[in-house]
Amino acid sequence: MHLIAARELDASDVLRAFRHDGWRLFLGAAFTAVALITGSLSLVRRKRDPLLLYFALFAALYGSRLWLQSDMVRLELRGSMVFPRLIGIVDYLMPVPALLFLGAAGLLDRMSKTVGYGVAAVGVLLAIAVAFHGPHGLFDPINRVSSVAGVTIVVLDLTRKKAPKHSDMAIVRRGFVIFAAFILFDNIAGTLSFKWISVEPLGFVVFLGSLGYVAARRTVQRDQQLSEIQKELEVAQRIQRSILPSEFPLYPHFRVASRYFPMTSVAGDFYDYVVVNEHQTGLLIADVSGHGVPAALIASMVKLAAASQRPQAAQPSQFLSGMNAALCGNTQGQFVTAAYVYLDSTAHELRYAAAGHPPMLRLRDLEVTTIQENGLLLAAFDFATYEQVAHPLKRGDRLLLYTDGLLEAADSSGEFFGSQRLSSQLLETAGLNVSDAADKILSAVRNWSDKQDDDLTVIVCDYVAAA
């Protein structure tokens, strides 16, 4: 019997109501808090999880109903015409997100889904009816009969299904079956007009606990998996670093420095030195489409393809054609851009060819010029052919090879670093050694961009032959 009375309320009424409904208020607040946390998780994730959203709605409605059924709220809102309608709306709508949750979790078969959606439709219709016409003596019995029928069929379906004893599905199923049993008890007792203390909220606590246990266990498993993946990535990173060349040999005619900054632990950028002797050498730079582990695996194939073409080192066009033939059909649809320059100090000449790669830059006498001769991407077309260009080498020439991550580095407004800024940075390196020049260029790019969205690789080469 509720404590609402026609007389004026005194402190003893409020205290008595609080003592009577303290547990209900506590559980209502707890369920609402869980709903807010779960709903926030669903909203902040890039890919929204319907399970989280449906459970959040269910917990919010359940917590709200506990508060609305308490004597404290009834005492506060007595006489309000909206209050009875609000109780009915919340009560009748509550099965809707619950059944959507069970369906999204894969706990219902075809027949149970049909019955469940029928129960949800009844609830929606009753909520609309009570919203427009107010409470009616038939609404509660209809809702109880519908709920009992729906819960009974769902429970029978769940108890029929087999699952590993300690699997997540089995744990969630047990929690829901206990909750459903408490729902049935409350609805049957209400239909038969028994006097009873509602145990349904305690069943919801059990169901919530089963979900929390599964969530905690999955979190621990996910942390373990992430730890193992991190260890594997560290090994992969060491392996990838090992396939990149060490420092360029200290030859009298060339000074070379390279810098490599992957976006993730492993990357698709690659560079190599094709050293013939102290007078002739080749510099290769390549960029695999995509990022991460797949691109890194293709990058290791690029190294093998380049190694197989060392006999063609003096002819960049043939070098790239041979690499293309080796890569075609073996990269799972991923493509490779590349640039290769052959330097000959005896002939004072460079030969250059590229495959869909940004042009090489040359700094000479405080002037930056572009050198390019582009063909089709590597690994895209088996019929691709490549041409090469030759340019004289002059003492003091500085060459810059790079990947497109430098050009496409964007600032907070989305503006790219671009080729003009890169040329200006190369010009500003005049007077610096190759190592400092490479550091300065990469530092300018990284300072320009708020975050690194691509792999960054540069090769700086100076021709220091005697006059």
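A residue counts as buried when its relative accessible area is under 20%. The legends below describe close-up views of a predicted model.

**Figure 1. F204 and F207 form an aromatic pair in helix α9**. A pair of aromatic rings is described by the distance of the centres and the angle of the planes. The ring centres of F204 and F207 are 6.5 Å apart, and the planes make an angle of 65 degrees, an edge-to-face arrangement. Both residues belong to helix α9, which spans residues 200-243. They are three residues apart, which is about one turn of the helix. F204 has a relative accessibility of 0%, so this residue is classed as buried. F207, with a relative accessible area of 1%, is buried as well.

**Figure 2. F248 and Y251 form an edge-to-face aromatic pair**. Here the distance from centre to centre is 6.1 Å, and the planes stand at 85 degrees to each other. F248 counts as buried because its relative accessibility is 9%. The structure holds 13 aromatic pairs.

**Figure 3. Five aromatic residues form one cluster**. The members of this cluster are F31, F58, Y62, F204 and F207. One of them, Y62, has R65 over the face of its ring. R65 lies at 5.2 Å from the ring centre of Y62.

**Figure 4. R446 lies over the face of F261**. The distance from R446 to the ring centre of F261 is 4.3 Å.

**Figure 5. Five strands form an open antiparallel sheet**. Read across the sheet, the strand order is β1-β11-β10-β6-β7. The edges are formed by β1 (residues 254-261) and β7 (residues 367-371), each of which pairs on one side only. From one strand to the next, the twist averages 20 degrees.

**Figure 6. Strands β10 and β11 are joined by five bridges**. Strand β10 covers residues 398-402 and strand β11 covers residues 456-463. The two strands run antiparallel. Within this pairing, L399 stands opposite C461, a residue of β11.

Notes:
Residues are numbered from 1 along each chain as its sequence is written. This is a predicted model: local features need pLDDT of at least 70, side-chain atom pairs count only at pLDDT 80 or more; totals for chains, interfaces and linings use all residues. Side-chain values use heavy atoms; hydrogens and water are left out. Rings of Phe, Tyr and Trp (its six-membered ring) pair if their centres lie within 6.5 Å; planes under 30 degrees apart count as stacked, over 60 as edge-to-face and the rest as tilted. Helices (H or I, at least four residues) and strands (E, at least two) are DSSP runs, numbered from the N terminus. Buried means under 20% relative accessible area, exposed over 50%, partly exposed in between (1.4 Å probe, protein chains only). A charge sits over a ring if NZ of Lys or CZ of Arg is within 6 Å of the ring centre and within 35 degrees of the ring normal. Two strands pair if DSSP finds at least two bridges between them. Axes are lines fitted to C-alpha atoms, for helices over the stretch in contact, and angles run from 0 to 180 degrees between N-to-C directions.
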